[in-house]
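Subject: Structure for your review

Dear colleague,

Please find the sequence and structure below. A summary of what was found follows directly after.

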Amino acid sequence: MDANKRQQLVAEARKYKEEREKGYREQALKLFPWVCGRCAREFTHKNLSELTVHHKNHDHDDNPSDGSNWELLCLYCHDNEHQRYEEQIRYGSSSQSENTSPEATFNPFANLKDLIK
């Protein structure tokens, strides 16, 4: 490979990196620690591709530069969040169904003191 081709290749790579850094993912990775906002899994350069940017209001066009609409989630938590959102859209708020369910009354430690004696 001659010197001109190498210089052109390096210039293209730098330009690609600069364009990519303007994207919301790169901005979010600079703003926030590389930790999943739900399960607290930590990420390094090696597994960073498994960390995603979630739009809190589910609008991918809403990308404020302060990151107020973003949170970093691992692939699994991100999928779970979108599944919960889809279920809420289809079936309504889950908080209504939770309010009608009976309260748990079983206490597994109720007789612990007697059992220890």
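Arg84 and Glu81 lie three residues apart in helix 3, so about one helical turn separates them. Helices are DSSP runs of H or I with at least four residues, strands are runs of E with at least two, and both are numbered from the N terminus. The model is a predicted one, in which local features need pLDDT of at least 70 and side-chain atom pairs count only at pLDDT 80 or more, while totals for chains, interfaces and linings use all residues. Residues are numbered from 1 along each chain as its sequence is written, and side-chain values use heavy atoms, with hydrogens and water left out.

The side chains of Arg84 and Glu81 form a salt bridge at 3.2 Å, N to O. The term denotes a side-chain nitrogen of Lys or Arg within 4 Å of a carboxyl oxygen of Asp or Glu. By this rule there are four salt bridges. Glu81 also pairs with Arg38, at 2.6 Å from N to O. This second pair links distant parts of the chain, 43 residues apart: Glu81 belongs to helix 3 (residues 75–91), and Arg38 to the loop between helix 2 (24–31) and strand 1. A network of salt bridges links Arg38, Glu71, Glu81 and Arg84.

Arg41 is partly exposed at 28%, as is Glu50 at 27%.

**Fold and confidence**

The protein chain contains five helices and two strands, in the order α-α-β-β-α-α-α along the sequence. Of its 117 residues, 20% count as buried. The mean pLDDT (the predictor's confidence in each residue, from 0 to 100) is 85, and 87% of the residues reach 70 or more. Confidence is highest in strand 2 (residues 70–74), at a mean of 94, and lowest in helix 4 (residues 94–100), at 51.

**Cysteines**

Cys36 is buried at 3% relative accessibility, and Cys77 is buried at 16%.

**A buried histidine and a nonpolar patch**

His55 lies in strand 1 (residues 51–55) and is buried, at 1% relative accessibility. Leaving aside residues up to four places away in sequence, His55 touches Tyr24, His60, Asp62, Asn63, Asn69 and Trp70; a contact means heavy atoms within 4.5 Å.

Ile116, by contrast, is exposed at 65% and sits in helix 5 (residues 112–116). Together with Phe109 and Leu112, Ile116 makes a nonpolar surface patch of about 350 Å². Patches consist of residues with over 30% relative accessible area and no salt bridge, with like charges joined within 9 Å and nonpolar side chains (Val, Leu, Ile, Met, Phe, Trp, Tyr) within 5 Å. Accessible areas come from the Shrake-Rupley method with a 1.4 Å probe; for residues, only the protein chains shown count as cover.

With kind regards

Technical notes. Buried means under 20% relative accessible area, exposed over 50%, partly exposed in between (1.4 Å probe, protein chains only).
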